[in-house]
Amino acid sequence: MKIDFESIWAALKSPRWWWSWFMIILGCALLAGGYVLFISPYNIVPGGVYGAGIVLHNIFPAIKVGTFGYMFDSVLLILAFIAFGPRFGAKTVVAALLTPGLMNIFTSLAFPPEAIESLDPSKMLGGILDLSDHLMLATIVGAVILGVGVGLVVREQATTGGTDIVAMLLKKYTTMEIGTAIFAVDLLITLSAFVIFDFATGLYSLTGLFAKTLIM
């Protein structure tokens with residue numbers, strides 16, 4: 001396959017190309033920061049592979065939420081390439097792999113080593129951002145940040161992988177519409193919060209899911 005160096009060089013000289021990548025990286029950083037600071041410490045599960053990662057982290061606390069994200073996204077990207085061919089470009093691959101990496105980095109920066117497994121919010125950033133007594137505020141702020149982050153990535157013709165790919169696979173092999181498929185997969189993950197945690201956490205998680213979807 002011949003590489004079109006002229007097109008690559010033209011893209012590198014374009015301010016719009018650099019702006020697009022900047023917005024994708026910013027969106028990934030917002031998504032990662034929203035989870036680390038406002039969602040994961042309170043076991044809120046607003047859908048998505050990182051919501052599933054939060055559930056699994058509570059079962060296997062030695063594995064970070066971002067690492068579970070790597071596990072899911074890597075498998076889903078491989079399945080996507082098998083099912084759809086090379087329609088998933090570099091932007092989606094980068095966004096899907098950058099976000100969990102940033103989550104792990106932010107987790108290591110925000111929590112002392114002894115609190116990384118428990119994600120104790122009282123020890124996050126020295127306790128200055130502990131919203132344990134204001135869970136609705138944490139849910140809404142976190143969901144808004146997640147929605148903005150995903151929205152920025154999607155605006156640049158990319159996705160963060162995860163349940164978007166699951167929904168596309170469902171669309172390909174069933175009669176389900178993609179919007180319905182995304183919501184169904186996210187809702188199923190969110191409902192697991194009622195089982196793994198408690199009823200109140202499940203309600204906060206549902207609120208987070210709807211708020212994130214609305215903002216996105």
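This is a predicted model: local features need pLDDT of at least 70, side-chain atom pairs count only at pLDDT 80 or more; totals for chains, interfaces and linings use all residues.
Student: Which residues touch the most other members of the largest nonpolar core?

Tutor: Of its 46 residues, Tyr 35, Val 45, Ile 54, Met 103 and Phe 111 do. A nonpolar core is a set of buried Ala, Val, Leu, Ile, Met, Phe, Trp, Tyr and Cys residues joined through side-chain atoms within 4.5 Å. Buried means under 20% relative accessible area, exposed over 50%, partly exposed in between (1.4 Å probe, protein chains only).

Student: Which helix gives the largest share of this core?

Tutor: α2, with 9 residues. Helices are DSSP runs (H or I, at least four residues), numbered from the N terminus.

Student: What does Met 103 contact, beyond four places in sequence?

Tutor: Ala 32, Tyr 35, Val 36, Tyr 50, Val 65 and Gly 66. Contact means heavy atoms within 4.5 Å.

Student: And Thr 99, buried or exposed?

Tutor: Buried, because its relative accessibility is 0%. Thr 99 sits in helix α5. Leaving aside neighbours within four places, Thr 99 contacts Cys 28, Leu 31, Ala 32 and Tyr 50.

Student: New topic. Where is Ile 140?

Tutor: In helix α6. Ile 140 counts as partly exposed because its relative accessibility is 34%.

Terms used: Residues are numbered from 1 along each chain as its sequence is written. Side-chain values use heavy atoms; hydrogens and water are left out. Helices (H or I, at least four residues) and strands (E, at least two) are DSSP runs, numbered from the N terminus.
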